[in-house]
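Here are my notes on the two-chain model.

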Amino acid sequence: MLRYRDGDADAFSALYARHKGPLYRYLLRQVRNAGAAADLFQEVWSRLVATRGRYEARAKFATYLFHIAHNCTMDFFRRDLRLHHAAGDAAHEGQAPEPEVPEYQRPDAIAEFAEQRSALLASLHALPQEQREAFLLREETGLTIEEIARVTQVGVETAKSRLRYAIRKLKKSLASREIVGATPLRPREAMKAANAST
Amino acid sequence: MHPPDDLDEYLRGDSALSCQYRREPAPTPPPALDARVLELSRLPGPNGARAGRGKAPCLAPLAFAASVLLSVALVLAIVFGPQSVRRADDAPRVVRIAYNSDAKLARSPRAWLADIAALRRAGRNREAEEELRRFRSAYPGYYIGDR
């Protein structure tokens, strides 16, 4: 990032290649809408590009990038909520009430991910947003509790508590589906396991 | 004894939960999105490629010193500058001479009082009063009658 800040445009490619996957999944699994995730993804990188001159290597680059991503996501949720409040008011006046469900929770939006949805992702999506975010940050970036706290602008204890609840709920949810410890291996993994045993 | 904490176990890494998450599909941005972002990264910053690196820190004290200097100069100009010039230009000749000599205290009391009288004659009573006040503070014991 320092090289990119100092004018080396090619340095961005390496940076992008390393972080694009985790960032995309973080956004996609937060907002649960491929279109919104793509918009946010572009917005995050735009902000990074626009503010590159102010970048200082005080912490891990991932902390910096996901801090921007967190802010963009929060803005998205706020915008979404306002839109739906407004839509709710309009619908009320027009006697055609619609349920006040955010776009990213609507069945039509969720449907696009139906085929990707596993029991774990379904349980993840059922978590409160803050807990889901803590889990995603940990899994996608390997950030420590302190770094997660910094990214999400909360105290360390709060971040720790969010992650603890997320794990507990996910385990419980998966146990109730009898998945933990008994996940069927996919064909490729099954083949690997068979090769290893021979 | 505390019960084993889910979090501690999870943070040690390679928990069943993490392994399972890693086995999930890992979607990545579509190529068109990649292309858009990479294109975006090549745009120059607001002030060119090395934009926004901030002002050189060494310029900060200089800027501060310059602003202090300007402020002092401005205050001096307000207090002494235009007022003195205006008075010197507008005052009657005798007063102008006194101002140009630029030594109020060096002026004899009599000359000063004559200047004040000239101001009064010119109808500039406010300035005359001001001069009289200055005169009194310069020569507190000087008897000047009922002026």
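1. In chain A, 61% of the contacts with a separation of 6 or more join residues 24 or more positions apart. In chain B, the corresponding share is 24%. Two residues are in contact if their C-beta atoms, placed from the backbone, lie within 7 Å.

2. This is a predicted model: local features need pLDDT of at least 70, side-chain atom pairs count only at pLDDT 80 or more, and totals for chains, interfaces and linings use all residues. Residues are numbered from 1 along each chain as its sequence is written, while chains are lettered from A and ligands numbered from 1 in the order in which they are written.

3. Chain A has ten helices and zero strands. Its pattern along the sequence is α-α-α-α-α-α-α-α-α-α. Chain B has eight helices and zero strands, and from the N terminus its elements read α-α-α-α-α-α-α-α. Helices (H or I, at least four residues) and strands (E, at least two) are DSSP runs, numbered from the N terminus.

4. Of the 198 residues in chain A, 31% are buried. For the 147 residues of chain B, the figure is 12%. A residue is buried if 20 or more other C-beta atoms lie within 10 Å of its own, exposed if 12 or fewer, and partly exposed in between; C-beta atoms are again placed from the backbone.

5. How many residues does the contact take from chain A and from chain B? It takes 35 from chain A and 30 from chain B. On the chain A side, α2 (10–31), α3 (34–50), α6 (119–125) and α9 (156–176) each supply at least two residues. The largest share, eight residues, comes from α2(A). By class, the chain A side has 15 nonpolar, ten polar and ten charged residues. Here Ala, Val, Leu, Ile, Met, Phe, Trp, Tyr, Cys and Pro count as nonpolar, Asp, Glu, Lys and Arg as charged, and the others, Gly among them, as polar.

6. One helix pair spans the two chains. α2(A) packs with helix α3 (residues 31–41) of chain B at an angle of about 145 degrees, and their axes are 10 Å apart. Axes are lines fitted to C-alpha atoms, for helices over the stretch in contact, and angles run from 0 to 180 degrees between N-to-C directions. The crossing of α2(A) with α3(B) is right-handed. A crossing is right-handed if the near helix is turned clockwise from the far one by less than a right angle, and left-handed if anticlockwise.

7. Which residues meet in this pair? From α2(A) come A:Phe12, A:Ser13, A:Tyr16 and A:Lys20. From α3(B) come B:Asp34, B:Val37, B:Leu38 and B:Ser41. By class, this helix contact has four nonpolar, two polar and two charged residues.

8. The largest nonpolar core has 40 residues, and A:Leu27, A:Leu40 and A:Ile148 touch the most other members. A nonpolar core is a set of buried Ala, Val, Leu, Ile, Met, Phe, Trp, Tyr and Cys residues joined through C-beta atoms within 7 Å. At least two residues each come from α2, α3, α4 (61–93), α6, α7 (129–141), α8 and α9 of chain A, together with α2 (16–23) of chain B. α3(A) gives the most, with seven residues. Domain 1 (1–116) and domain 2 (117–198) of chain A each supply at least three residues. Domain bounds come from an automatic or database domain assignment.

9. Not counting residues up to four places away in sequence, A:Leu40 touches A:Leu27, A:Val31, A:Cys72, A:Thr73 and A:Phe76. A second, separate core has five residues, including B:Trp112, B:Leu119, B:Ala128 and B:Phe135.

10. Helix α8 (residues 145–152) of chain A is mostly covered, with seven of its eight residues buried. Among them are A:Ile145, A:Ile148 and A:Val151. Charged residues A:Glu147 and A:Arg150 are also buried there. A:Gln153 follows α8(A).

11. Two residues other than glycine deserve a look at the backbone. A:Arg32 has a positive phi of about 55 degrees and is found in the loop between α2 and α3 of chain A. A:Gln153 has a positive phi near 55 degrees and sits in the loop between α8 and α9 of chain A. Buried or exposed? A:Arg32 counts as buried because it has 22 C-beta neighbours inside 10 Å. A:Gln153 is exposed, with 12 other C-beta atoms within 10 Å.
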